Amino acid sequence: MAIRRRDGIRCPVDLFLLIIVVILTTIGVVMVASASSDISNRMYGSPFYLLAKHMVFVAVGLGIACSTLLVPIRFWQEMDWLLLTVTFALLLVVLIPGIGREVNGSIRWISLGSFSIQSSEFVKLFIIIYVSAYLVRTKEQLLNQWLGVAKPIVLLAAVVVLLLMEPDFGAVVVITVSVLGLIFLAGVPLHQFLPVITLSSLTVSCIAIWQPYRLQRLITFADPWEHQYTSGYQLTQALIAFGRGEWFGLGLGNSIQKLFFLPEAHTDFLFSILAEELGAVGAIVVIALFVCLICRALWIGKRAHENGEEFTGLLAYGIALLLSSQIIINIGVNLGLLPTKGLTLPFISYGGNSLVVCSILIAILLRIDYENRNEALHKGSIH
Amino acid sequence: MGKQTTSINLFRYHLVRVALVLLCGVLIARVLMLHTVKRDFLQGQGDARTVRTEKIFAHRGMIQDRQGKPLAISSPVGSVWADPKELIKSEDDLAALALSLGVEVATFENRLLLNQDRDFIYLRRHLPPLQVDKILSLAVAGVYVQREYHRFYPAGEVAAQVLGFTNIDDEGQEGLELAFDDWLRGTPGKKKVLKNRYGQIVRDIKPLEDAEAGRTLALSLDLRVQYHAYRELKTAMQRYKAESGSIVILDVENGEVLAMVNQPSFNPNDRSSLEAAFVRNRAVIDLFEPGSTVKPFTLAVALQSGKYTPHTKIDTAPIRVNNKMISDPSNLGVLDVASVISKSSQVGITKIALSLNEQDMWNMFHELGLGETTGAGFPGESAGYLPNRRNWNDIERATFAYGYGLSVTPLQLARAYLVIASGGVKKQISLVKRSVRQTQRVLDEKVAAQVLQILKRVVTEGTGRRAKVDSYTVAGKTGTVRKVGSSGYVTDHHLAFFVGVTPVEHPRLVAVVLINDPKSDEFGGGSIAAPVFSRVMAGALRLLNVPPDDFKKAA
């Protein structure tokens, strides 16, 4: 008990988590600098334009994270209905012609002058908070009645339909996986959970082959080299980056694939450039850092549970699921293990919305950990 | 119940955690697989998209004059080309691109549309490096640059026909550029380079074959003399409104061509308004009947035969040969052999010729190099025409002796006079500086000297008086021939020419001046070509530091 108390006093935040995030963000800044310079120079006339923007977002993320740290977790739980309203507002507003901005055939951004909001990024966060709160609120119903499971599934379906209208299939997958994972971790009996997960998987699969372009992506994914000059172009270029990297990489700045061969080299496919410049070793180190991050997030959730804070625990699990699904899907896409979809790699990829939302996620995790420690301290002092 | 759910939840927590870690393990396994098993395949695929073999353009050799002054230089330029299929996609950049290419936007877009099914069109060739850099900085997709060399001729029109020119691919097309193409042309090399997706070279990987630059060609021409001769020829052309003209100057010491100029000429650096007639190197291609200028050769045969001395008297009263009356403009009476030449008497030379063996005559003309190419190596050089008949009748022998019925080029005529100037030795004519030279004696030294002294009298007291050069002695012969029209000789079109040697005591220069169809009251070689000779030689002798030998006049 004494050790734990001293621990709590000495450092109010989880240094382990913080250090991992700082390392990942730093790697991100360096890789964005390398991968974006030629693209930036060509598009904006300055090799540092995109890097500068990225660093502004890092600073903004840091500021928002600091503010979030001050918000007690209970606040989020109480705000669940408001957040749900905001969620649907974001999803609907982006679909209004003239407000939503179309990029590459998808309307995902709400333009606000000098910057734009990617609604799905914030939706991910708010849905997790709402579902966690819901699962805690209706625990009895959830464990004993079909209705308890059906309600969040209906909610999920509504969000999915709206997201598909943008369309943003990547966000659909991430949100579905996270919500289902939360329901699973909340302890829903298997006889209720299994039909739900089967149904969801079937639905998502149907959606995946429903649209011709998504079907094409699946066919391409099966053999990208067959379609290397058309639909398989991006994936084959990403794979070539891995092949070039060898063990220790070509060295920072020496990527060839970033020289306009690999589209989205500084955003969705930054991991490939990282593997090309830093080699297999660099890529594995980054994956290992992500594993540490995921496990730490889950561990923070578990500690909250052990303290009896069910909402806090589920929220930490949700964040862990959100981050891990996004990380695994993004890296899986880069490696050609999963069909291509537009998802950024948390902390690494260029992208303001992703960075800000990830900062908020980490800030909430740190806050949860802080409250865990206080709880333990409190309990410790009682005994 | 609470405890039970907690234990279920703990189990599920571990399940999820292990599953996520395992998934990350799969990612790591895949990374390892791509980096090891698939590495060669992926690197091969990557190289196939980025590694290209580029041609290294070889520098074409420089052409210099005898002092090393540049006459033809290759300077680096860039040719901009495009892949229309790709370029047509970058609509927004087309206006800026057209502007920096210096073409009208509408024209440019039309051209692009016309060629939209092709993979390659030149946008503009041979742009200066600065402009090329500007175009590259626009970084328009589908626009590429090929490094090349552009041939530049500093002497412009002055040596245009002699040098010739190259085509846009740097291959010799005309003149010495064509004749010495193998010598001048470099061998292009190859190198491996890395290109980005827009085809710009990012990095040189390694050279495969070195480019071998072409070799320098040193000509025998003296650019100063060339300039001077060209200026005088152009002035004369304008004054007499002549159709064309040529001047050839040979160095008696070694048979090298010091100057070879033609009019009309062209600017080889801007061939947009080029006419075929301007390109012809008339000095070695155009044929004309030499007329009176071959009389000294007939004289040489006469002197060599022993039947004549310079003082042998000949009656030049008109005579009838094969029913054709041969007469001089006025009856010159009894003349010695020397005066027959200096006064250019048709009758006198006819009488001499008819008394000589016709085969000896033909042999002498042939030995002097008439009717065969000079071996100077100029492409398309004419051999001339020297008829060799089995049975010569008298009128044929007579007209042959005063230069009708055969044809020569200005260079051939100059070479024949060089034999007389060099004491009877025939020398290899050359447009390039050479150390080894062929020489061959074709005339007695004494005879050659006698002929030269007689030719000196042509200038001092005969038809070529206007060829005199201050402070130098000159020997030479005028020539005036009627041009050949569609129905034989025409009366009002002439060729006026003059062949001369200077200084007489130690001959250094032989020159032929040819003015084609002068339009003035006077049309004879003595009044049209001789003054040009005088001015050209006055300049050339001083430029070449030839010591004066005629002090009487100077004093």
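Is A:Gly301 buried or exposed, and what is its relative accessible area? In this predicted model, A:Gly301 has a relative accessible area of 0%, and because buried means under 20%, the residue is classed as buried.

**The setting of A:Gly301**

- A:Gly301 lies in helix H13 of chain A.
- Leaving aside residues up to four places away in sequence, A:Gly301 touches A:Gly313, A:Ala316 and A:Tyr317.
- The C-alpha atoms of A:Gly301 and A:Ile319 are 9.2 Å apart in space, while the two residues are 18 residues apart in sequence.

**The extent of the contact between the chains**

- Chain A contributes 47 residues to the contact, and chain B contributes 41 residues.
- Between them, chain A and chain B bury about 4200 Å², and 72% of this area is on carbon and sulfur atoms.

**Salt bridges and polar contacts**

- Two salt bridges are counted between chain A and chain B.
- A salt bridge is formed by A:Arg244 and B:Asp47, whose closest N and O atoms are 3.6 Å apart.
- Nine residue pairs, with both residues at pLDDT 80 or more, are in polar contact between chain A and chain B.

**The side of chain A that touches chain B**

- Helices H9 (169-185), H12 (233-245), H13 (270-306) and H14 (310-334) of chain A each supply at least two residues of this side.
- Helix H13 of chain A provides the largest share, twelve residues.
- By class, this side of chain A has 33 nonpolar, ten polar and four charged residues.

Note on methods
Residues are numbered from 1 along each chain as its sequence is written. Chains are lettered from A and ligands numbered from 1 in the order in which they are written. This is a predicted model: local features need pLDDT of at least 70, side-chain atom pairs count only at pLDDT 80 or more; totals for chains, interfaces and linings use all residues. Side-chain values use heavy atoms; hydrogens and water are left out. Contact means heavy atoms within 4.5 Å. Buried area is the accessible area (1.4 Å probe) that two parts lose on being put together, summed over both. A salt bridge is a side-chain nitrogen of Lys or Arg within 4 Å of a carboxyl oxygen of Asp or Glu. A polar contact is a pair of N or O atoms within 3.5 Å; within protein, one must be able to donate a hydrogen and the other to accept it, and residues adjacent in sequence count only if both atoms are side-chain atoms. Helices (H or I, at least four residues) and strands (E, at least two) are DSSP runs, numbered from the N terminus. Ala, Val, Leu, Ile, Met, Phe, Trp, Tyr, Cys and Pro count as nonpolar, Asp, Glu, Lys and Arg as charged, and the others, Gly among them, as polar. Buried means under 20% relative accessible area, exposed over 50%, partly exposed in between (1.4 Å probe, protein chains only).
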